[in-house]
Amino acid sequence: MEKLFLSEIARVCGGVCSAEAQINAVCIDTRKITKGCLFICIKGERFDAHTFVDDAFEKGAAAVMICEDVEVKGPFVKVENTAAALLELAGYYRRKFNIPVIGLTGSVGKTTTKEFTYLVVNEKYNAIKTIGNLNNEIGLPQMLFQIDNSVEAAVIEMGMNHFGEIRRLSRAAKPTLGIITNIGVSHIENLGSREGILKAKTEMLENLEDNAPLILNGDNDLLKTVKSNRHRVFFFGTEENADFKAVEISEKNGSTAFTVEYFGKRQKISIPVIGVHNVYNALAAFAAGYFLDVEPQAAADALGRYQPEGMRQKTVVVNGITSIEDCYNASPDSMRAALRTLASTAGNKKIAVLSDMLELGDYSKQAHFSVGETAAELKVDNLLCFGEDSKYIVDGAKSGGLENAEIFETKEALANRVYELAKAGDVVIFKASRGMHLEDVISDLYKRWK
């Protein structure tokens, strides 16, 4: 981070400055205090960082930002709301740099697309990317403060679950290029409908730079209707309307090869993951690279170096059994994509191990039922489920004629059944929302399979 003065920060945030100080970093966690930083006291539902003011100074903070009447033994800025001031300050700081900023959002695929895009952009620019889950109103500012004079581009992921959040995040990030991966049903409980989700996601357009490229999934029924008088809209996908169109898609040995056709040109690409949803993610990244003047072959080479993080469709072969870990998050769209991946993966028996999708509200029963219907349509050999709402997945599967669909009351019982069924040459996919901790089952099975 480049240096700021405390008086400057007070002016930007509409606060009162007690004394001048020079700031070289911004921190919201006393465990990560660095000498010379500004410690911002965020007041949450379960904690209040104002209680750590003295601790912050003892660890080397140059100043603190507060919104409560507390005793402060050093320079401070007092504002009305520290969380809002954090976002405002981050937006002010970002505007000091004239660099490409890719703003990225969508119902599913955000993080994988972010990783693909970073690899492509980093081929030409010294780039940074959103780390972990720092994609909300507290996390995104921390990423913007990572920009300094050595950074040439930034790939910024934006998450949300309520109206107005993408508007505020994009106001701070001020993207020069926008990507929306798709419109599904994630957070439909708060947003009411898929049309509501579209409205929330496209709030980014309000703060996207004039004449900036807006890259959208043209195969998505709602995104392909988006128009903008202020931006240049381009579509990626597999259908005829795509400006960046994937053709000749083939999967083999855990990799997917395809050719992207764009503006009369063609580029072959191979990515080390399977599933057409990952083709979409790679297409969006390739398109971003095109508009940032990354050489096509360099972009393709970068995409080929992608490695899945954590449990994002990571393929592991254990004692001859192909295990696909995909438990980072789940929505109806990503569940169906996972089932299609299972169906297209070479193997003897195809076993789907699924658990609940969270945050779907009144839509949950219908959503889980529809996933079961997809499992039946794809003729999965065995469907094994755990979770309160996953019984509806089983119901949907059986309604579609899939008899080998079972629900289990405990993870232990689920693991026992998978262990009993899966043999060398079979493929097992594990898919659930992160909060269901399906990795407990995976860990148990790996120990036994080995």
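Buried means under 20% relative accessible area, exposed means over 50%, and partly exposed lies in between (1.4 Å probe, protein chains only). The model is predicted: local features need pLDDT of at least 70, side-chain atom pairs count only at pLDDT 80 or more, and totals for chains, interfaces and linings use all residues. Residues are numbered from 1 along each chain as its sequence is written, and side-chain values use heavy atoms, with hydrogens and water left out.

**Figure 1. The whole chain.**
The chain has 15 helices and 22 strands. Helices (H or I, at least four residues) and strands (E, at least two) are DSSP runs, numbered from the N terminus. The C-alpha trace spans about 70 × 55 × 40 Å along its principal axes. A compact globule of 450 residues would have a radius of gyration near 22 Å, and the 24 Å of this chain agrees with that. The radius is taken over C-alpha atoms, and the globule rule is 2.2 Å times the number of residues to the power 0.38. Of the 450 residues, 57% count as buried. Among contacts with a separation of 6 or more, 62% come from residues 24 or more positions apart; contact here means heavy atoms within 4.5 Å.

**Figure 2. Phe234 and Phe263.**
Rings of Phe, Tyr and Trp (its six-membered ring) pair if their centres lie within 6.5 Å; planes under 30 degrees apart count as stacked, over 60 as edge-to-face and the rest as tilted. The structure holds 15 aromatic pairs. In one of them, the ring centres of Phe234 and Phe263 are 6.1 Å apart and the planes meet at 85 degrees, so this pair is edge-to-face. The two residues are 29 positions apart and link distant parts of the chain: Phe234 is in strand S13 (residues 232–237), and Phe263 is in the loop between S15 and S16. Are these two residues buried or exposed, or in between? Phe234 is buried because its relative accessibility is 14%, whereas Phe263 is partly exposed at 39%. Both belong to a cluster linked by ring pairs, made up of Phe234, Phe244, Tyr262, Phe263, Phe286, Tyr290 and Phe291.

Two strands pair if DSSP finds at least two bridges between them. Strand S15 (residues 255–262) and strand S16 (residues 265–271) run antiparallel and are joined by seven bridges. In this pairing Thr256 stands opposite Ile271 in S16. The two strands form a hairpin with two residues between them, and Phe263 in the turn has a positive phi of about 50 degrees. In a regular strand, side chains alternate between the two faces of the sheet.

**Figure 3. A sheet of five strands.**
The strand order in this open sheet is S2-S7-S6-S5-S4, with mixed pairing. Strand S2 (16–17) and strand S4 (25–27) are the edge strands, each pairing on one side only. Strand S6 (residues 63–66) and strand S7 (residues 76–78) are parallel and share three bridges. Ile66 stands opposite Lys78 in S7.

Which helix holds both Tyr446 and Trp449? Both lie in helix H15 (residues 439–449), three residues apart, about one turn of the helix. Tyr446 is buried at 13% relative accessibility, and Trp449 is buried at 5%. A charge sits over a ring if NZ of Lys or CZ of Arg is within 6 Å of the ring centre and within 35 degrees of the ring normal. Arg448 lies over the face of Tyr419, at 5.0 Å from the ring centre. Elsewhere, the charged end of Lys124 sits over the ring of Tyr125, 5.8 Å from its centre.

A disulfide is a pair of cysteine sulfur atoms within 2.5 Å, and the structure holds zero of them. For Cys67, the nearest cysteine sulfur is that of Cys41, 7.8 Å away. For Cys327, the nearest is that of Cys385, at 13 Å. Cys67 is buried at 19% relative accessibility, and Cys327 is buried at 1%.

Asn211 is not a glycine, yet its phi is positive, about 65 degrees. Asn211 is in the loop between helix H8 (194–201) and strand S12 (213–217), and is partly exposed at 47% relative accessible area. Glu248, also a residue other than glycine, has a positive phi near 55 degrees. Glu248 is in strand S14 (residues 244–252) and is exposed, with a relative accessible area of 51%.
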